[in-house]
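Let's walk through this one from the overall fold down to the ligand. Have the viewer open and follow along.

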Amino acid sequence: LRKVSLFDQMTDEQLEHILSIAQRRTFPAGTVLFHENDYGAAFYVILKGSIKIFKRSAKGEEKVLTLLQSGDSFGELSLIDGRPRSASAATLEPTSVLVIAEQPFHELLRTHYDITRRIMAELCQRLRDTNQHVHDLTFLDSRTRVIKNLILLANRHGQRSGNLIAIRMPLNYDELAQMAGVQKNVLAEVIRDIEDRGILRLSPNEYTLDLSKLRS
Ligand code: CMP
């Protein structure tokens, strides 16, 4: 539990308390944990696996807002403002989470200022990311958006060795295209081009970016 940044400053006793108020649950890939507009009843911390946060249009098209991995948390918005879920959450692979119900979550915020502060900092980061995304959708062309999105995923979720960053992510082309805000055919075209230039190497559930080639 201490590997989760929200809890890394806590004493053994405090961690015992968290475990006593939380439930550990494991879900198979593709499980929707909650839907947009549901009543928000719990806060989640990812122990292992990955989650996509997404919205659907009236026509059923999806937009992936963000990807979260072990150590990340989600579901705080509706608990804090008392309004419905702002987006849906689904597992991308078998995923274990800690689930903290509404009342114990509020109690935790009241009694642990360090946790409250980190949740506020995470909310600030999400607003900054969203502003950047609005900027990119407004001002950047689709090719740049695809490359920028790959770099963003690499910086957030990748493992670096020298000039190479490997990102282990069970994302399909649809989800990558939705994140970058481009059509799937544009994504495929850009990926083919940067594979040909040796910038990107794709293998099942993993891709590797070569930063030295990206710069040139
Ligand atoms: P909540 O609204 O309760 O349920 C959906 C959750 O997804 C939300 O809380 C946040 O934790 C998370 N979320 C919603 N929008 C974003 C976003 N733009 N970036 C990152 N996380 C988000």
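What you're looking at is a predicted model, where local features need pLDDT of at least 70, side-chain atom pairs count only at pLDDT 80 or more, and totals for chains, interfaces and linings use all residues. Residues are numbered from 1 along each chain as its sequence is written, and side-chain values use heavy atoms, leaving out hydrogens and water.

The chain has eight helices and 12 strands, taken as DSSP runs (H or I, at least four residues, for helices; E, at least two, for strands) numbered from the N terminus. Its radius of gyration, over C-alpha atoms, is 18 Å, close to the 17 Å from the globule rule (2.2 Å times the number of residues to the power 0.38) for 216 residues, so the chain is as compact as a globular protein of that length. The C-alpha trace spans about 55 × 45 × 30 Å along its principal axes.

Now for the ligand. Around it are 14 residues, with Gly 75, Glu 76, Ser 78, Arg 85 and Ser 86 coming nearest; to count as near, a residue needs a heavy atom within 4 Å. By class, this shell holds six nonpolar, five polar and three charged residues. Helix α2 gives the largest share, three residues.

Notes
Nonpolar A, V, L, I, M, F, W, Y, C, P; charged D, E, K, R; others polar.
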